[in-house]
Amino acid sequence: MAQSFDYESATASDDAETSPLERLAEIAARTAEETGKFANVDAIMRIPVTMQVVLGSATIPVANLMKLGRGAVVPLDHRVGEPVDVVVNGRVVARGEVVVVEEDNSRFGVSLTEIVGPLGQGDS
């Protein structure tokens, strides 16, 4: 079973301006200083990763795929209101809700509601 982190209750006691990734970076930097294992944490923090938000998936036969055209609707396995998966480099790291970005109503964003536990304790 996936071990999760309750993002909402954790942010109540922490600085409201700090994101989970910023807190993780601070912890990594502090740990690196204390242990001396990472000589250049800044270099690690600049490594690009691929982040995806998975709305759902579908399995259909190739024959049905070939019949798809403009305006076709493919039903996904997720329902409206269910959390979406946030995937970094192919691994689920969080779950959240799709939101409209306040500054630009033509864009979507994800509000994180759950952080999946560390490697080996979450989804594979």
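## Basis

The model is predicted: local features need pLDDT of at least 70, side-chain atom pairs count only at pLDDT 80 or more, and totals for chains, interfaces and linings use all residues. Residues are numbered from 1 along each chain as its sequence is written, and side-chain values use heavy atoms, with hydrogens and water left out.

## Second largest pocket

The second largest pocket holds about 180 Å³ of space. A pocket is an open set of points on a 1 Å grid over the protein atoms alone where a 1.4 Å probe fits, with protein on both sides within 12 Å along at least five of seven lines; lining residues have an atom within 4 Å of a point. The volume is the space filled by probe spheres set on the points.

Its lining includes V84, G96, E97 and V98. Strand 4 (residues 91-100) gives the most, three residues; strands are DSSP runs of E, at least two residues, numbered from the N terminus.

## Strand pairing

Strand 3 (residues 84-88) runs antiparallel to strand 4, with five bridges between them; pairing needs at least two DSSP bridges. V84 stands opposite G96. Two residues separate these strands in a hairpin, and N89 in the turn has a positive phi of about 50 degrees.

## D85

D85 lies in strand 3.

Note on methods. Helix = DSSP H or I, 4+ residues; strand = E, 2+ residues; numbered from the N terminus.
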